[in-house]
Amino acid sequence: MTDTAPIRVTVWNENRHEQEHEQVAKLYPQGIHGAVKEGIEENLGAAVVVRTATLDEPEHGLTEEVLANTDVLTWWGHMAHGAVDDEIVERVHRHVLSGMGLIVLHSGHWSKIFTKLMGTTCTLRWRSEQDRELVWTVDPTHPIAKGVPHPIIIDEQEMYGEFFDIPAPEELVFISSFSGGEVFRSGCTFRRGHGKIFYFSPGDQDYPVYHHKDIRRVISNGVQWAVTDRDRRELPELLRYDTNEFFKGAGYRGATAIYEESDA
């Protein structure tokens, strides 16, 4: 991707609440994916090309071709994590390790792809009682915090609280506090392989959080941040370098190779 090429974004949403719950459909008539897409386009304009994909599409809308042409994937899921096909999760995982950016939103913390990348349960404390959430910036120099008020005020929101079972974030950008006194690491970055990951918790199907201008700004900033600076997508590879050979290594399977009698 050149510096002038638009960022290719795929906004993924399981899109089940919108079909099954009238109140959610009223809040998000174009689906949560539609609201997230709109927010990214609103903030980044011609700098992005955004498509959407949902669970019930063939291959969940995440074909090899789609992912190969996606610089950053955003992920929202909640009631149907188990319905996501393991083969598709493996495909997304491979693309993240190869350099595709990933933005995991709200209840996506329990998605198959996020728990696989984190290697932990990703469980947390929660309550849905119309809490006020304050999103505090703890790293004001981070690109994801650019142009974001301190704090962001969300009048009604689901509470997420600690303990949040994730690895220690590489960067903690935001923490949230709630009406009940709880706190939560609500904006965290990670790197896995060649891919950059941003987890951002504000946003729920029962509240209009993805219409909030500052939440849209954060997600858009996250999209820009998550784009790789590598010139091609490839998995990290173990190579053997002979002495004084600095630039070109040879492929090496070693202990990962399947043992065969002929190898003995």
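Is asparagine 244 buried or exposed? Asparagine 244 is exposed, because its relative accessible area is 64%, and exposed means over 50%, buried under 20% and partly exposed in between, with a 1.4 Å probe and protein chains only.

The legends below describe a predicted model, in which local features need pLDDT of at least 70, side-chain atom pairs count only at pLDDT 80 or more, and totals for chains, interfaces and linings use all residues. Residues are numbered from 1 along each chain as its sequence is written, and side-chain values use heavy atoms, with hydrogens and water left out.

**View 1. Asparagine 244 lies in the loop between strands E10 and E11.** Strand E10 covers 239-240 and strand E11 covers 250-251. Helices (H or I, at least four residues) and strands (E, at least two) are DSSP runs, numbered from the N terminus. Arginine 94 is 150 residues away along the chain from asparagine 244. The C-alpha atoms of these two residues are separated by 32 Å.

**View 2. Helices H3 and H7 pack at an angle of about 75°.** Two packed helices are described by the angle between their axes and the distance between the axes. H3 spans residues 31-44, H7 spans residues 213-226, and their axes are 9 Å apart. Axes are lines fitted to C-alpha atoms, for helices over the stretch in contact, and angles run from 0 to 180 degrees between N-to-C directions. H3 is therefore roughly perpendicular to H7, a term for angles of 65 to 115 degrees; under 35 is roughly parallel, over 145 roughly antiparallel, and the rest oblique. On the H3 side, the residues that meet H7 include Ala35, Val36, Ile40 and Leu44. H7 contributes Ile219 and Val223, among others. Contact means heavy atoms within 4.5 Å.

**View 3. Tyrosine 28 and tyrosine 210 form one of nine aromatic pairs in the whole structure.** Their ring centres are 6.3 Å apart and their planes meet at 55°, so the pair is tilted. Rings of Phe, Tyr and Trp (its six-membered ring) pair if their centres lie within 6.5 Å; planes under 30 degrees apart are stacked, over 60 edge-to-face, and the rest tilted. The pair links distant parts of the chain, 182 residues apart. Tyrosine 28 sits between helix H2 (22-27) and H3, and tyrosine 210 between strand E9 (195-200) and H7. Tyrosine 28 is buried, at 1% relative accessibility. Tyrosine 210 is buried at 1% too.

**View 4. Phenylalanine 114 and phenylalanine 190 pair edge-to-face.** The centres are 6.3 Å apart, with 70° between the planes. Phenylalanine 114 belongs to helix H6 (residues 112-118) and phenylalanine 190 to strand E8 (residues 183-192). Both residues are buried.

**View 5. Histidine 81 is in the loop between strand E3 (72-76) and helix H5 (86-98).** Histidine 81 counts as buried, at 12% relative accessibility. Leaving aside neighbours within four places in sequence, histidine 81 contacts Glu14, Ser107, Gly108, Trp110, Ser111 and Lys112.

**View 6. Glutamate 59 is in the loop between strand E2 (48-54) and helix H4 (64-68).** Glutamate 59 counts as partly exposed, at 40% relative accessibility. Glutamate 59 touches Ile88 and Arg91, not counting residues up to four places away in sequence. The C-alpha atoms of glutamate 59 and aspartate 85 are separated by 8.0 Å.
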